[in-house]
Structure formats: C-alpha cells, structure tokens
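Please keep the sequence and the structure in view while reading.

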Amino acid sequence: MDEKHADAGLIETSDGRICCYWQPAMPDYHDNEWGRPVVDDRRLFEKVCLEGFHSGMSWQLIYNKRENFRRAFADFDFHIVATFTDEDVARLLNDKSIVRNRAKILSTINNAQRAIELVDEAGSLAAWFWQFEPAPEDRPARIDPHYWRTTKTSPEASRMSKALKKRGWTWVGPVTTFSLMQALGLINDHLEGCQCRDKFEKARQALTRPVGL
C-alpha cells in the first residue's frame, strides 16, 4: 500500500481492491452490508437494537455475536420480542453468548413495543426512519479520515434521536442514531477511494424510498 492510500485511510485487500482501512477486521460487513440501504423492517429493527448494544462497546464484538443475538431475540421479530416476559429477561441474562446487560435487554423489549406503535403511525419502520435521510447538499463534499475523526453525529441524527425518545424509545442517543444512519444506508460513509463507496451509492440511487401512510 503506497503512502497516498494510507494517508487517505485506505488499504489494499489481498485480492487487490482498495477499501476502508477497517475492511480486514470485518470484510463481509464492510463489502456487503455497511452502507447498503435497508428497508426491511425486521432487519432495520435488528440494527436499531444492535446499535443500542454497541453503545460503549466494540462494534466488532457485537457483530461477531450477531447470530447469537438473532437466536436469543426471535430473529428480531419485534412483534414477538414485544411479548417477552420476565422469564425471557432471566433467560437472556443467563445467555453467555450475548451481551448480558439488563438495561439494554429491557430496552430491546421496550423498543419492540414502540416499533409496533411506530408502524401504526407511519405504515412501516422504514418509512419513518428514511424521512431522516439528509439532502445531498447537507452532506460533506468528501468523506475522508478527518471527517471520520471529527464527525460523531449530525443534525439529522439528533432530530431522529429526539423524535424516538419522544416516542418512548431508549438507548437511541444522537451518536447511536448517527451510527444507525450509516448502517442503514441513509448516508454513505465509505471513504473516498474505497471501491465499495460507488457500489453502495449506486444502490442508494436505485432505491425507491419507502413512503408512509
């Protein structure tokens, strides 16, 4: 890897592609998921929950446990999770394969109940969340290492956080909702020069945005 790529936060993969520097840690997530638009409500709810568990922890740790989380939380079917009882909470607190944080577990159940309400309000989770996609003119001209180092939230993420909290959602602070926007593809934060940036931008351009009630 030459100095120019390194300074841009990029690496060359074993198959010769130029990618964001963190690609080797989670290659499939980087290449196929992070930044890809998500409009499926169950997968969207999953990302909300996992971003909550991510708070204060390594994303790689949460990502590596994702299949365990899916098993423990009914594949993030929020209609099922909303019905979890004290027995389910006890089961989850005894499950060593996930993060056994009582507050975050209770938050996931609470947010499942709030998700049902949000679907009633907006028609789908996707329709509600995608309304916070920033306009092109509100995005930075370049996504570079300086942007990554200095940008932890955004006006849109702050508005999303405030709106979710107003509706009773928990573990949805503005830093978490900004990370969620990246994961859902509401914004494309792959670095300039990363070969996945154009791929996901094309996916965003081809997307039919979900419309609410």
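## Terms and basis

A residue is called buried when its relative accessible area is under 20%, exposed when it is over 50%, and partly exposed in between (1.4 Å probe, protein chains only). The model is predicted: local features need pLDDT of at least 70 and side-chain atom pairs count only at pLDDT 80 or more, while totals for chains, interfaces and linings use all residues. Residues are numbered from 1 along each chain as its sequence is written, and side-chain values use heavy atoms, with hydrogens and water left out.

## Salt bridges

A salt bridge is a side-chain nitrogen of Lys or Arg within 4 Å of a carboxyl oxygen of Asp or Glu. By this rule the model has 20 salt bridges. Helices are DSSP runs (H or I, at least four residues), numbered from the N terminus. Glu33 is buried at 17% relative accessibility, and Lys47 is buried at 8%.

Arg43 and Glu46 also form a salt bridge, at 2.8 Å from N to O. Both lie in helix 3, three residues apart, which is about one turn of the helix. Arg43 is partly exposed, at 25%, whereas Glu46 is buried, at 2%. A network of salt bridges links residues including Glu33, Arg43, Glu46 and Lys47.

A further salt bridge joins Asp95 and Arg71, at 3.2 Å from N to O. Asp95 lies in the loop between helix 7 (86-93) and helix 8 (102-122) and Arg71 in helix 5 (residues 66-72), so the pair ties together parts 24 residues apart in sequence. Asp95 is buried, at 11% relative accessibility.

## Helix 8

Helix 8 has 21 residues, and its end C-alpha atoms are 30 Å apart. Just after helix 8, Gly123 takes a positive phi of about 100°.

Definitions and conventions:
Helix = DSSP H or I, 4+ residues; strand = E, 2+ residues; numbered from the N terminus. Expected span 1.5 Å × (residues − 1).
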